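The exercises below concern side-chain contacts in a predicted model. Work through each task before reading the solution that follows.

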Amino acid sequence: MMPKLLKNLYLDGSPHPPGPKFLLLQGHLELGSGLGRSNSWTCCPCISQKSPLQTIGEEQTQNPYTELLVLKAHHDIVRFLVQLDEYRFASAGDDGIVVVWNAQTGEKLLELNGHTQKITAIITFPSLEVCEEKNQLILTASADRTVIVWDCDTGRQVQKVSCFQSTVKRLDIWLSGGNDLCVWNRKLDLLCKTSHLSDTGISALIEIPKNCVVAAVGKELIIFRLVTPTGESLEWDILEIKRLLDHQDNILSLVNINDLSFVTGSHVGEMIIWNILDWTVQARECNFWDPSPQLDTQQEIKLCQKPNDISIHHFTWDEENVFAAVGRGLYVYNLQMKRVIACQKTAHDSSVLHIAKLPNRQLISCSEDGSVRIWELREKQQLAAEPVPTGFFNMWGFGRVNKQASQPVKKQQENATPCSLELIGDLIGHSSSVEMFLYFEDHGLVTCSADHLIILWKNGERESGLRSLKLFQKLEENGDLHLAV
């Protein structure tokens, strides 16, 4: 059985990949902390344009999050949130503290102190049936090169290890990825390791079938196979199987999207979808920032955006689509059609750091500009077909459609995206970069920021109903509730 991989995590304090000692998995691979807002991009030759940022008025009728709770416990940037169960989550960041919260009430349940420098990784760590420890555990890693396993119910340190690099786990096996890939047992004994891979280190890692893992190292993907102990050999081993060299720049994002495919995104906006079994390329998209070609090629001006404007920071997905955070924009790539079906080229003023799919065809995104926005994927109304001229004038050609004039229109219809991302909610509460968020179906949305704050966004209608219910229950208990005859 293969290791169960965790979240993308930094362990060396480096803010940007590809850095050494980097733990991975699903999550944004570039945790920017810029506080500025930039509306412009650079064009060649020497042309500056401003992209329109979609806005929404105060009457946000489709935005359910009309109430908020501001949670204060941290003294520095809050970079990480992790859900523990249906009502609890933990936060961590640059102050080295882990705080456990109640997502329903916003109450601080525990404060965990043990690291001396900023926390660069936090993941849930389910207890094993064979272990005495049955409580919910979390694992944190820090720039102080220590890893601590915490009991989330008591706040007790279960285990602490120093001089660690980066880690992913399975039941009783750990994988660590720095400049090499190592396999550890639960007691943190080294079972096996690869040779030195790269000075830049592993930037992302996922599990795939056939006892294999995929590691992103610079612009390469390396396939490794984990050899488990057998009756003939009691030793573990990890073997390099293949290197995939299809990317032109460093890989920032690497995630599984279903049982058949995984997807990678690079610093220069390349997205490649891979077959998870034979590791071949299924689809490729390299022009996210401008999915529709210009109609007049003679007047076309190619935009030379800054590298950060086209970097793919994060992926999320559903059964039909892959959603990509590309620079400041959001793009929806349909797996069956193998094309971009919707986009918001300037969804935020600054880089989008984290996105997630919500129910009802909704998408949520957060950015370095401090905003959190909710989008809805809608189908566009198809343009009516052009009527065919008939009658007397058509006999002599007066009503004949000019084929040359109609070609750009036809081409425009072919290249147009069939769907749109419509802004339905804009959550303004943070004053600095929003690093990530968590979605609780029953308790709302949790965001963390470089402003040291955590905000718990609540469904106002639902909260009002709960308060009314509690009030009636209280009146009934006190005997103050009388039914009218």
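**Exercise 1.** Decide whether arginine 88 is buried or exposed, and find which side chain meets that of arginine 88 in a salt bridge.

*Solution.* Arginine 88 has a relative accessibility of 8%, and because buried means under 20% relative accessible area, arginine 88 counts as buried. Its side chain meets that of aspartate 153 in a salt bridge, at 2.9 Å from N to O. Aspartate 153, by contrast, is partly exposed, with a relative accessible area of 40%. Arginine 88 lies in strand E7 and aspartate 153 in the loop between strands E12 and E13, so the pair ties together parts that are 65 residues apart in sequence.

**Exercise 2.** Classify the aromatic pair of phenylalanine 89 and tryptophan 101, and then that of phenylalanine 89 and phenylalanine 440.

*Solution.* For phenylalanine 89 and tryptophan 101, the centres lie 6.4 Å apart with 15° between the planes, and the pair is stacked, since planes under 30 degrees apart count as stacked. Phenylalanine 89 lies in strand E7 and tryptophan 101 in strand E8, so this pair ties together parts that are twelve residues apart in sequence. Phenylalanine 89 and phenylalanine 440 form a tilted pair, with 6.2 Å centre to centre and 55° between the planes; phenylalanine 440 belongs to strand E34, 351 residues away from phenylalanine 89. Phenylalanine 89 is buried at 0% relative accessible area, and phenylalanine 440 is buried at 2%. Taken together, Phe89, Trp101 and Phe440 form one aromatic cluster.

Terms used: Residues are numbered from 1 along each chain as its sequence is written. This is a predicted model: local features need pLDDT of at least 70, side-chain atom pairs count only at pLDDT 80 or more; totals for chains, interfaces and linings use all residues. Side-chain values use heavy atoms; hydrogens and water are left out. Rings of Phe, Tyr and Trp (its six-membered ring) pair if their centres lie within 6.5 Å; planes under 30 degrees apart count as stacked, over 60 as edge-to-face and the rest as tilted. Helices (H or I, at least four residues) and strands (E, at least two) are DSSP runs, numbered from the N terminus. Buried means under 20% relative accessible area, exposed over 50%, partly exposed in between (1.4 Å probe, protein chains only). A salt bridge is a side-chain nitrogen of Lys or Arg within 4 Å of a carboxyl oxygen of Asp or Glu.
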